[in-house]
Amino acid sequence: MQNLEPSEYLDEPGRYLLVDVRSDMEWEACHDENAVHVPLTELPERASSLPKDKPLVFICRTGGRSSRACELLKDSGIETYNLVGGMRALALAKKEKGLISKEVFEAMMANL
């Protein structure tokens with residue numbers, strides 16, 4: 001499994017497809033605007049519908065489920081990455097890079 005730091009992802013977000021594997025309830029509370037939603041429980045049956053033309057970066061709340069998503073697809077021939085630290089780390093990296101305001105950051109953290 002390959003890990004990807006949030007700052008690395010944010011350097012080239014268009015290079016990857018961000019796949020959020022959290023539950024429907026978590027997705028509805030807060031998600032990245034560039035992500036697609038495929039709950040981990042649905043990944044095995046929906047994996048074939050994911051694009052194969054760019055690497056997939058899996059994200060969850062803290063990194064556990066996204067790590068499992070990478071493991072599920074390890075033999076699929078798809079390049080996959082686990083976003084280190086999950087949504088919390090991505091929100092913090094966005095704040096540090098000035099990509100979101102303090103208010104948006106605080107709202108995201110309150111919903112994670």
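In which sense do S2 and S3 pair, and over how many bridges? In this predicted model, the pairing of S2 with S3 is parallel and extends over three bridges.

**View 1. The open sheet and its strand order.**
Five strands form an open sheet in the order S1-S5-S4-S2-S3, with parallel pairing. Strand S1 (2–4) and strand S3 (35–37) are the edge strands, each of which pairs on one side only. On average, neighbouring strands of this sheet are turned by 35 degrees against each other, direction ignored.

**View 2. The surroundings of Asp-20.**
Asp-20 belongs to strand S2 (residues 17–20), and its bridge partner in S3 is His-37. Because its relative accessibility is 0%, Asp-20 counts as buried. Its side chain is joined to that of Arg-22 by a polar contact of 2.8 Å. Beyond its neighbours within four places in sequence, Asp-20 is in contact with residues including Trp-27, His-31, Pro-39 and Met-87.

**View 3. The largest nonpolar core.**
This core has 20 residues, of which Tyr-9, Leu-18, Val-57 and Leu-90 touch the most other members. Elements that each supply at least two of its residues include helix H1 (6–11), strand S4 (56–59) and helix H6 (102–110). H5 provides the largest share, four residues. Apart from this core lies another, of 15 residues, among them Val-21, Leu-40, Cys-60 and Cys-70.

**View 4. Helices lying across the strands.**
Helix H4 (residues 64–72) lies across S4 and S5 and runs at about 170 degrees to S5. H5 lies across S2, S4 and S5, at about 105 degrees to S4.

Technical notes:
Residues numbered from 1 in each chain as written. Predicted model: local features only at pLDDT ≥ 70, side-chain atom pairs only at ≥ 80, totals over all residues. Heavy atoms only, no water. Buried < 20%, exposed > 50% of the residue type's maximum accessible area, 1.4 Å probe, protein only. Polar contact = N/O pair within 3.5 Å; in protein donor to acceptor, adjacent residues only side chain to side chain. Contact = heavy atoms within 4.5 Å. Core = buried A, V, L, I, M, F, W, Y, C linked by side-chain atoms within 4.5 Å. Pairing = 2+ DSSP bridges. Axes fitted to C-alpha atoms, helices over the stretch in contact; angles between N-to-C directions.
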